[in-house]
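Subject: Structure handover

Hello,

Here is the structure I said I would pass on. My notes follow below it.

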Amino acid sequence: MRVEGLQTVGSGLLTLGLVAVAVALSLYQRLDLEKDIGVAVVRSFVQLAAIGYVIDYVFGLESLGAVALLLAGMVMFAAWTSARRASGVPRSFIVAAGAIGVAAVATLGVLLLLHIVPPTARYLIPLGGMVIGNSMNTASLTLTRLRDDIGEQRPKVEAALALGATSHQAVAPILKTALQRALIPLIDATKTTGIIFLPGAMVGMIIAGADPLEAVRLQIVVLYMLLGSVSIAAILVGLLSYRSFFTPRHQLKTAPLEN
Amino acid sequence: MPGGSITAVVGPSGAGKSTLLRTVNRLIEPTAGEVYLDGEPTSGMDPLALRRRVGMVFQLPALFGATVEEATLYGARLAGKDADAGRLLEMAGLDASFKDKAPQALSVGEQQRVSIARALALEPEALLMDEPTSALDEAARRRIEDLIRELNASLGLTLVVVSHDLDQVERVADRVVVLVRGRSEGEWDRDEFFSGPGERARRYIAGRL
């Protein structure tokens, strides 16, 4: 399908002109953002081009096994990214991979079992990508928040442990704030959707010429799917990772807190 | 540490005083050696049960809950025990009416008393205190010292107090343990430590505090 009015090569170059303005401003104001912007431009181009070919190839295979393999690869890459953000948290890769994986399987599974989407690569890859990407962001936020807060509030955690609290009881208030902070951006975005911003999937469909009501239908599925899967991922990350900061004897470890 | 006594642990910073204290209630696992409570090795005990028998008071009071009453009963409620917050606060030298206040509305000295009341709520056999007065002003410090002696006299509570203030040690302790670089350099009765055989160790420590 060709989207009407969109000149692929030309439009890419024109939008890059906007990025050039941003780079010029960054240089002029010495914001030191130009290098990061440059890396982002190159990486996104290479990655999107590559995934375009990969998705095209997987579409051609018409095999659900290939779809599952691609999604599993995305989960691994997401977990790796999350674990790198959360340096100093032991076992963070396994925790992130487990949480993101379970969130992806659970949400896509529900969508398939209830026949909300057909079992084809055309649906599973983009929806899976959204679930995995959003779960990754939330997993990173939860892990770093938990690490920083346990480090800063060490005296509180120790005081609770000294009064006979279990690791879980001692960390519960910190875990609660970490999860709230990690999930609030998505919950707020869901609350204000349609008023303040039009979400990506809907924008894409409307531009591609779909009926706006049809686009809204898909967007509602996407929103609920994301809200569910991201919450599952964050809660799993929280419950799996807080233990890494304690010994089985309800002692606060020293090692993971030293940066 | 003899039961029913007040033992002070002194030593230069980094000597391992806080670490020693934390091995007693197993907030830290000892890498070697064994801690006994009433002749029983603590390594075989459930850490949570041990911490209910041996209370701890820290340098800074970290109180939990919206009211002083909640803060006082935190540990007792976790243990499924009921206690009278007003009576506990009075034991710690505060008026029972404090229980409805917000913990943040109290001075640090008063908060430290609440943290002592909260430890007493579990009816511990011993109380570990890690520099309990170093965040307080002189007047509040003296009042906590009086409270330490009072709890020892009225409840027969065994107390272990880490301190870097030798004047405080002289006012409060029955016995003194000197710790240097993770090793005990000896222990003395208070009078021996401040005049007599412990004099040399006292001078050595005084020069390093």
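A nonpolar core, as used here, is a set of buried Ala, Val, Leu, Ile, Met, Phe, Trp, Tyr and Cys residues joined through C-beta atoms within 7 Å. Please keep in mind throughout that this is a predicted model.

The core. The largest nonpolar core has 111 residues. Helix 5 of chain A gives the largest share of this core, 13 residues. The residues with the most contacts inside the core are A:Ile100, A:Ala233 and B:Val161. What does A:Ile100 touch, leaving aside its neighbours within four places in sequence? Its contacts are A:Val75, A:Ala78, A:Ala79, A:Ile132, A:Ser135, A:Met136, A:Ala139 and A:Ala233.

Helix 3 of chain A. A:Val75, A:Ala78 and A:Ala79, among those contacts of A:Ile100, are also among the buried residues of helix 3 of chain A. Together, the buried residues pack against helix 2 (34-61), helix 4 (92-113) and helix 5 (121-152) of chain A. The helix covers residues 64-85, and at 1.5 Å a residue its 22 residues should span 32 Å; the end C-alpha atoms are 32 Å apart, so the two values agree.

Domains of chain A. The domain assignment gives domain 1 (1-61) and domain 2 (63-257). Their centres, taken over C-alpha atoms, are separated by 26 Å. Eight residues from domain 1 of chain A and ten residues from domain 2 of chain A make up the contact. On the domain 1 side, seven residues are nonpolar, one is charged and none is polar.

Helix 5 of chain B. Is this helix mostly covered or mostly open? Mostly covered: eleven of its 13 residues are buried, including B:Glu110, B:Arg113 and B:Arg118 as well as B:Val114, B:Ile116 and B:Leu120. The buried residues pack against strand 4 (54-57), helix 3 (68-78), helix 4 (85-91), strand 5 (126-130) and helix 6 (138-155) of chain B.

Between the chains. 20 residues of chain B are in contact with 15 residues of chain A. Helix 2 (47-53) and helix 3 of chain B are the elements that give two or more residues to the chain B side. Helix 2 of chain B gives the most, with four residues. By class, the chain B side divides into 13 nonpolar, two polar and five charged residues.

Regards

Notes:
Residues are numbered from 1 along each chain as its sequence is written. Chains are lettered from A and ligands numbered from 1 in the order in which they are written. This is a predicted model: local features need pLDDT of at least 70, side-chain atom pairs count only at pLDDT 80 or more; totals for chains, interfaces and linings use all residues. Domain bounds come from an automatic or database domain assignment. Two residues are in contact if their C-beta atoms, placed from the backbone, lie within 7 Å. Ala, Val, Leu, Ile, Met, Phe, Trp, Tyr, Cys and Pro count as nonpolar, Asp, Glu, Lys and Arg as charged, and the others, Gly among them, as polar. A residue is buried if 20 or more other C-beta atoms lie within 10 Å of its own, exposed if 12 or fewer, and partly exposed in between; C-beta atoms are placed from the backbone. The expected span of a helix is 1.5 Å times one less than its number of residues.
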